[in-house]
Amino acid sequence: LAGRAHTPPEAEDKIGPRAAKGSLRWLCEQYYQSAEFQRLQPRTRHVRRLILDPLCKKHGDKPYALMEPRHVRQRRDEKAAHPEAANSIIKSLRQVFAFAVEYDLADRNPAKDVPYLRSGSQGYHSWTPEEVEQFEGRHEVGTKARLALALLLYTGQRRSDVVVLGRQHLKDGWLTFTQVKNRNRNPVTLSIPVHPSLQAVIDATPSDHMTFLVTEFGKPFSANGFGNWFRKKCNEAGLSHCSAHGLRKAAAARLAELGAGESEIMAITGHRTSKEVTRYTRGARQKVLAAKAMSRLDTDQSANKSVPLLGIAESGGTKSGKK
């Protein structure tokens, strides 16, 4: 690994002067230069530095070899009022020390076994069918807003994927593309059949560009720019509480309500593990299971019409009474 002479200029700007070897700040500088960090998406690198740089300003002069799990818990608990921010600290330190262990700069990862804080937040609101209809009522087929809704709802993708989709990804009724998230480290390539409702909206929306969705200047959207634009379209439809990511959740929940298994849903969303899919679809699963459970009562009563639902019988077959 390169030493102090090769510290990136941006590292010096954000976390102070060049660090002493063996300090936490020095370790973060090495991590910033690593292939592991450089392979992250630019947005991910930016966010990770927003987490690590303030930590280095406060604790960067301390020897990283002396960091214990209790120290990580202390940093986590300082942000206890904001569980997502607290968990981001743990995640970032896990990555820094995983790099350190891999490159023989440390023999253990003190953040590895520090648990995340549980958050009471349910995350982004999942759109209801009524909210989808309300948006469609405001934005007609042929408009860019309606196309955006259809792409999000009928592909179940993130906004970062939807903004790069174009006719070049369409072939024989399938959309084939590589998801933007982790495409440089652990790429996920998907082929999704194009639903007829989506195809109808695509066909009805004029487009002479490489991407289906473009700005008013004819340029592709950035993920953040698209999110802000789509938020305005939601506001126009009276849906200020709705978002692009909420349609990804709604797509997964709808598939679950229709009886799709987790592996089937993952084949659409591109999730590597079922953890996030389970979180997306928990309510839908409960609804499906409840319907199945209640249908068993219908079957039971049809076969035993003379037996009350909550009737209690003694072993001899006569109903118990008061003594």
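**View 1. E236 counts as partly exposed, at 38% relative accessibility.** Partly exposed lies between buried (under 20% relative accessible area) and exposed (over 50%), with a 1.4 Å probe and protein chains only. R138 is also partly exposed, at 44%. E236 and R138 form a salt bridge with closest N and O atoms 3.8 Å apart; the term requires a side-chain nitrogen of Lys or Arg within 4 Å of a carboxyl oxygen of Asp or Glu. E236 belongs to helix α11 (residues 223–236) and R138 to helix α7, 98 residues apart. Helices (H or I, at least four residues) and strands (E, at least two) are DSSP runs numbered from the N terminus. The model is predicted: local features need pLDDT of at least 70 and side-chain atom pairs 80 or more, while totals for chains, interfaces and linings use all residues. Residues are numbered from 1 along each chain as its sequence is written, and side-chain values use heavy atoms, without hydrogens and water.

**View 2. R108 and E68 meet in a salt bridge (3.5 Å, N to O).** R108 lies in the loop between α6 (83–102) and α7 (129–138), and E68 in the loop between α4 (42–59) and α5 (69–77), so the pair ties together parts 40 residues apart in sequence.

**View 3. L198, V201 and I202 are buried in helix α10 (residues 196–204).** They cover an arc of only 100 degrees around the axis, which puts them on the same side of α10; the arc is taken from the directions from helix axis to C-beta atoms. P196 and D203, on the other side of α10, are exposed.
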